[in-house]
Amino acid sequence: MSQKGKLNRRAFLGASAGALAGVLASGNKALGLLSEPAARQPKEKSIILRTLGKTGYKIPVVSMGVMNADNPELVFRAYELGIRHFDTAAGYQRGRNEEMVGQVIEELKARDKVVIATKIFIPPQQRNQLSADKIKEIHLKAIDECLTRLRTDYVDILYSHNVPEVSWVKNPGLMEALQEIKAQKKARFIGLSTHQNMDEVIRAALEMKIYEVILATFNYSLYDYPEYLETLKKAASRGVGLIAMKTQCQQPWYRENNPPEIKKFYEGPLLNAALLKWVLRHEFITTAVPGFTTFDQLNEDITVAYNLEYTPEEKKFLENRLVKTQMAAVCRLCGQCQATCSHKVDIPNILRAHMYATAYGNLYEARETLDSIEQGKSIEACLDCEDCTARCVRGVNIKRRIEELKTLYA
Ligand code: SF4
Ligand code: SF4
């Protein structure tokens, strides 16, 4: 970061010091004073705020999923534009992502003005081998490391990261570890993140009653999954704070299935704004964590936080029959394809790695995802398999995505 940038920012922050005080609790007025509005934001509107379940945090409907970002200036700018919730994880960029968030928030002197969420992950194949004591030990050590990287004494939300199975939701060692971290005041609220088998996982979390915030995949491709929508509604009605991730269906569906002249229609602001609005028009979702990595994307996403009404073009896009059909080609990580693979590889997580590599451009996260898969069930198993027999119940082109991933990693 340049010295000039720092000085300008400090001068700006000094001028805004009064406006910053108590921004989390004080709502639209204070947020509106934080910075110049983004170019397309209508002046008469304010950022829409919602309360995160029983946590009481009142935050803008658009937050920052920091995972793919590696530019601290982007985090600064997000804060300047009113974003108050930053979602990171111990594993993102091997801890550097947390370090970046910690550094920026410290420089802004804004720790009490923001909601920081982080995550601790134990790969599923290891989870099931560990004793309750070991699970607790791993978590207690990991949270201290997170806090050091984040330069803070506490995180606002601590998630168990990437939970696809009910047995982990109900694992006594995990529940005890999270509750102990909360009792030690190292996390104000505890929860879990899930992007696979979400419906079942969230229902199990409600049963357990200790999970206060859930970060879950929620996007337009799930429009025809009423059971899941009902579960989310139920969770919100019980005071669980719901945060949406993977909101803009960042998967290659529109590139795989469209002729070039139509592809253009799907890329850029229209696609992003329409999809993000669709998510946020569901009031049971408090906020979304889009993973913008450029200033243009940030401006597009923050604009949505001011106005959730669809433009006529966005409406046309979402109602387009072809778009709706193609949404079927977004992988829901349901796992139903696994039975059709001769080697029983972990197709959902391989496809998730494909999404990180091809749609997010995050090759590091893709590799980490592949490495977290049980030995013998990752992309290496596909190397000698010349004719992919795997079939998706929704029409996802598994064979093609596996081939693309093989050229990258195998
Ligand atoms: S490829 Fe299809 S069947 Fe397999 S996990 Fe994704 S949506 Fe489910
Ligand atoms: S190429 Fe297809 S069938 Fe072969 S191991 Fe991989 S996913 Fe399974």
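The model is predicted, with local features requiring pLDDT of at least 70 and side-chain atom pairs pLDDT 80 or more, whereas totals for chains, interfaces and linings use all residues. Residues are numbered from 1 along each chain as its sequence is written, and ligands are numbered from 1 in the order in which they are written.

Ligand 1 is surrounded (heavy atom within 4 Å) by residues including Cys331, Cys334, Cys337 and Cys392. Arg332 and Arg394 also belong to this shell, which comprises 9 nonpolar, 1 polar and 2 charged residues.

Around ligand 2 lie, among others, Cys341, His343, Cys382, Cys385 and Cys388. This shell divides into 8 nonpolar, 3 polar and no charged residues.

Helix H5 (residues 72-80) and helix H6 (residues 96-108), both DSSP runs of H or I with at least four residues, have axes that come within 9 Å and cross at roughly 50°. The axes are lines fitted to C-alpha atoms over the stretch in contact, with angles from 0 to 180 degrees between N-to-C directions.

Key:
Side-chain values use heavy atoms; hydrogens and water are left out. Ala, Val, Leu, Ile, Met, Phe, Trp, Tyr, Cys and Pro count as nonpolar, Asp, Glu, Lys and Arg as charged, and the others, Gly among them, as polar. Helices (H or I, at least four residues) and strands (E, at least two) are DSSP runs, numbered from the N terminus.
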